[in-house]
Amino acid sequence: MTAASTLAFRGIFFSRFRGKSLTWFFIFICLWSVLSLSLIFLKGVDVSNTISLNVADTPVSMNDKPSETIASDTPRVLLGIWSYAGFKKQLKVRNKFRLLFETFANRTRSHDGRADPRICNLGEFLEQPENFPDCKVVYTFVIGAANSKQAPNEIVTETDWPLLVEDTAHFRETDKNNKDMTLLNIKENLEGGKSQTFFYLAQEVLHHFDYVAKCDSDSVLDLLVMFDFLDNNLPRPPHNLGIIVGAPYNKQWWKTNSKLNEDTIRYKRNAEESYLQDRYGNNNMKDIFHIYPRGEFYMLSADLVHVVLNEVRSGNYMEYSVGVEDHDIGTMAQHSPNPIRFIFLSSMDKIFWDHPVKIKNRDWIVKWDSAIEKLNWSPNATVK
């Protein structure tokens with residue numbers, strides 16, 4: 001636009017709109033801008049050096065649509081689902097989990113002809129790991145199944161006592177021979193060492209995994225959101241160090257803990273808080289930072305599995321153990337010599353499980369069926 005044309009427009013504006021409403025002024029400015037831009041593009045602009053942003057290169061937040069593309073570098077997780085023997089209801093729960101995983105795998109067959117390979121069971125995986133390169137969540141049902149009164153509550157070292165039940169003749173569960181069952185050779189328990197024993201089993205096969213997770217049987221998983229989290233928010237190797245994932249719980253229940261007497265509480269509290277003060281540099285005894293993941297679902301990076309087992313084997317954990325499973329495991333994990341990183345999940349962050357979903361409640365079947373039906377209506381995954 002030449003100087004003459006600019007002056008001409010200014011003359012038209014001041015002659016026609018002088019003294020008029022400011023509304024006309026803004027209208028004129030808008031028209032002027034549109035005309036100027038049009039003339040620039042008509043003359044031609046070299047855009048070969050402009051920067052374009054590829055959406056595929058941008059990070060995806062948890063609030064975005066769940067990822068349906070299989071990422072080859074997604075961390076692999078060993079998922080232990082707590083279950084129990086001798087209860088028909090527990091068999092129903094295990095079968096719901098199996099149906100959930102089967103539905104997730106088969107939802108891609110209609111358009112692709114292949115199953116989604118991202119979930120498999122531990123038994124099949126360990127037989128031929130090379131056949132499951134895209135399996136990212138390897139699950140197993142964990143049961144204390146020893147058939148002896150002399151059986152221990154936990155096994156964390158190599159002993160003459162086998163880690164797994166060898167003779168299942170006494171075991172009445174109809175699915176006992178399924179490859180997704182892990183029958184620990186310990187007494188069934190929740191707080192007395194089952195988790196530590198599972199971590200010992202995990203340690204034996206840890207070279208296959210980046211994380212180890214524990215899930216209660218009354219937690220219903222949202223698999224689409226779970227894989228969105230694994231794909232987009234869980235650190236990949238070699239950055240998967242010192243990581244605790246879960247719904248945070250702030251320890252405020254010492255005085256109301258009925259499992260311990262006051263003297264024991266006082267002793268363990270002093271031992272634990274002294275360590276936490278040294279760890280997190282907090283000199284105010286009234287403001288101790290102690291958060292651990294709730295037991296309904298939590299995940300530890302592989303290095304913290306070793307830390308937990310070292311605490312148990314050394315006996316150090318007895319100074320602060322209170323017999324509450326999630327508290328004890330979460331506290332043991334924080335005794336790592338390396339920095340600890342928490343990844344907290346909540347309802348605001350699209351937490352990928354619903355808890356508690358008790359089979360005795362009316363909504364049990366509704367919540368399970370909803371989780372399964374959601375997969376039938378989910379977008380098709382891209383199986384590479």
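The torsion about the S-S bond of C120 and C135 is about -100°, so the disulfide (a pair of cysteine sulfur atoms within 2.5 Å) is left-handed. C120 is placed in strand 2 (residues 119-121) and C135 in the loop between helix 5 (122-127) and strand 3 (137-144), so the bridge ties together parts that are 15 residues apart in sequence. Helices (H or I, at least four residues) and strands (E, at least two) are DSSP runs, numbered from the N terminus. The sulfur atoms of C120 and C135 are 2.1 Å apart, and the count under this rule comes to one disulfide. C120 is buried at a relative accessible area of 6%, and C135 is likewise buried, at 1%; buried denotes under 20% relative accessible area, exposed over 50%, and partly exposed the range in between (1.4 Å probe, protein chains only).

The structure is a predicted model, in which local features need pLDDT of at least 70 and side-chain atom pairs count only at pLDDT 80 or more, while totals for chains, interfaces and linings use all residues. Residues are numbered from 1 along each chain as its sequence is written, and side-chain values use heavy atoms, with hydrogens and water left out.

The protein contains eleven helices and ten strands. Of its 384 residues, 45% are buried. Among contacts (heavy atoms within 4.5 Å) between residues at least 6 apart in sequence, 79% join residues at least 24 apart.

Helix 10 (residues 325-333) is mostly covered, with nine of its nine residues buried. These residues are E325, D326, H327, D328, I329, G330, T331, M332 and A333. They pack against helix 6 (194-204), helix 8 (262-280) and helix 9 (302-314), as well as against strand 5 (211-215), strand 7 (243-250) and strand 8 (291-301). V324 is located in the loop between helix 9 and helix 10 and, at 17% relative accessibility, counts as buried. The C-alpha atom of V324 is separated by 5.7 Å from that of E191, although the two residues are 133 residues apart along the chain.

Two helix pairs were examined by their axes, which are lines fitted to C-alpha atoms, for helices over the stretch in contact, with angles running from 0 to 180 degrees between N-to-C directions. Angles under 35 degrees count as roughly parallel, over 145 as roughly antiparallel, 65 to 115 as roughly perpendicular and the rest as oblique. Helix 6 and helix 10 pack at an angle of about 45°, their axes lying 10 Å apart; the two helices are therefore oblique to each other. In this contact S195, Q196 and F199 of helix 6 meet E325, I329 and M332 of helix 10. The residues involved divide into three nonpolar, two polar and one charged, where Ala, Val, Leu, Ile, Met, Phe, Trp, Tyr, Cys and Pro count as nonpolar, Asp, Glu, Lys and Arg as charged, and the others, Gly among them, as polar.

The axes of helix 3 (residues 88-106) and helix 7 (residues 223-232) come within 11 Å and cross at roughly 70°, and these helices are therefore roughly perpendicular to each other. L100, F101 and F104 of helix 3 meet L223, L224 and F227 of helix 7. This contact comprises six nonpolar, no polar and no charged residues.

L221 belongs to strand 6 (residues 220-221) and is buried at 1% relative accessibility. Leaving aside residues up to four places away in sequence, L221 touches L79, F97, L100, F101, C215, F297, F352, W353 and A371. Another, F297, is 76 residues from L221 along the chain, and the C-alpha atoms of the two are separated by 9.7 Å.

Cis peptide bonds were also identified. The bond from P237 to P238 is cis, with omega near 5°, and P238 is found in the loop between helix 7 and strand 7. The bond from H355 to P356 is also cis, with omega near -5°; P356 lies in the loop between strand 10 (353-354) and helix 11 (364-376).
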